[in-house]
Amino acid sequence: MAVHHARWLPHRNQTVPPADQPRDLAGRDGLTPAAARVVAGARLIMSFMFLWAFLDKTFGFGYVTPPARAWINGGSPTMGFLRRVNVGPLQSTFQSWAGATWADWLFMLGLLGIGLALLGGIALRITAVCGTIMLALMWAAEWPPAKHLSDGSPSMSTNPLVDYHIVYAVLLIVLAAVGAGNTWGLGRAWASLPLVRNHVWLR
């Protein structure tokens, strides 16, 4: 008697995962459910960081920004930071930007836009680009490669290349790359919009 070996066949509505991908572990984004929640949590933490900076500079909660220097009270969100730039090849350029209306508005709109996009989990690719540009400028303002400030005092730089600005920028890129807005966010709904479907860079 011939023996027929049973062969597993998927239901017609099921998809067979690739051979190198464990079954029942990877989700629609190629992440395990646990990994998807971890990156979603990282996204929410990053959103709070940007939104808190916006709110503190706008209303002056007394942490970095005292009420008297709040934006709504006539203070400049860029004055304190850029006026104190005393290192690097762009020192005079950054100091000339300090307190400029255009610089204040671009900085604050950047903080708000990046924070809201991360909170909602939408437009993460644009967010990663804009956030990386902002963080790169802040990295240049602090100029970690320098051992000494312009007055000769030690810069106290702990690493000549990689500081927290670089880490945050890389994290923004990772969040966009793995679709971190699809868990605990509006990423899937955003991606299903006709405009976004036709222009993938808006995702």
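A search of the whole structure, a predicted model, finds 9 aromatic pairs. One of them joins Trp97 and Trp102. Their ring centres lie 5.5 Å apart. The ring planes meet at 75°, so the pair is edge-to-face; the cut-off for that class is over 60 degrees. Trp97 has a relative accessible area of 29% and is partly exposed. Trp102 is also partly exposed, at 47%.

Aromatic residues also gather elsewhere in the chain. Phe48, Trp52, Phe59, Phe61 and Tyr63 form one aromatic cluster. The cluster includes three phenylalanines, Phe48, Phe59 and Phe61. Trp52 and Tyr63 complete the group.

The secondary structure consists of 8 helices and 0 strands. Along the sequence, the pattern reads α-α-α-α-α-α-α-α. Helix α5 spans residues 124-142, and α6 spans 164-177. Helix α7 covers 187-191.

Most residues other than glycine have a negative phi. Trp143 sits in the loop between α5 and α6. Its relative accessible area is 26%, so Trp143 is partly exposed. The second case is Trp184. Its phi is positive, at about 55°, although the residue is not a glycine. Trp184 lies in the loop between α6 and α7. Trp184 counts as exposed because its relative accessibility is 51% and the exposed class begins over 50%.

The remaining values describe the chain as a whole. The chain has 203 residues, and buried residues make up 31% of them. Its accessible surface comes to about 13,000 Å². Carbon and sulfur atoms account for 66% of that surface. Contacts were also sorted by sequence separation. Among those between residues at least 6 apart in sequence, 59% join residues at least 24 apart.

Notes:
Residues numbered from 1 in each chain as written. Predicted model: local features only at pLDDT ≥ 70, side-chain atom pairs only at ≥ 80, totals over all residues. Heavy atoms only, no water. Helix = DSSP H or I, 4+ residues; strand = E, 2+ residues; numbered from the N terminus. Buried < 20%, exposed > 50% of the residue type's maximum accessible area, 1.4 Å probe, protein only. Contact = heavy atoms within 4.5 Å. Areas by Shrake-Rupley, 256 points an atom, 1.4 Å probe, with all protein chains shown as cover. Phe/Tyr/Trp six-rings, centres within 6.5 Å; stacked < 30°, edge-to-face > 60°.
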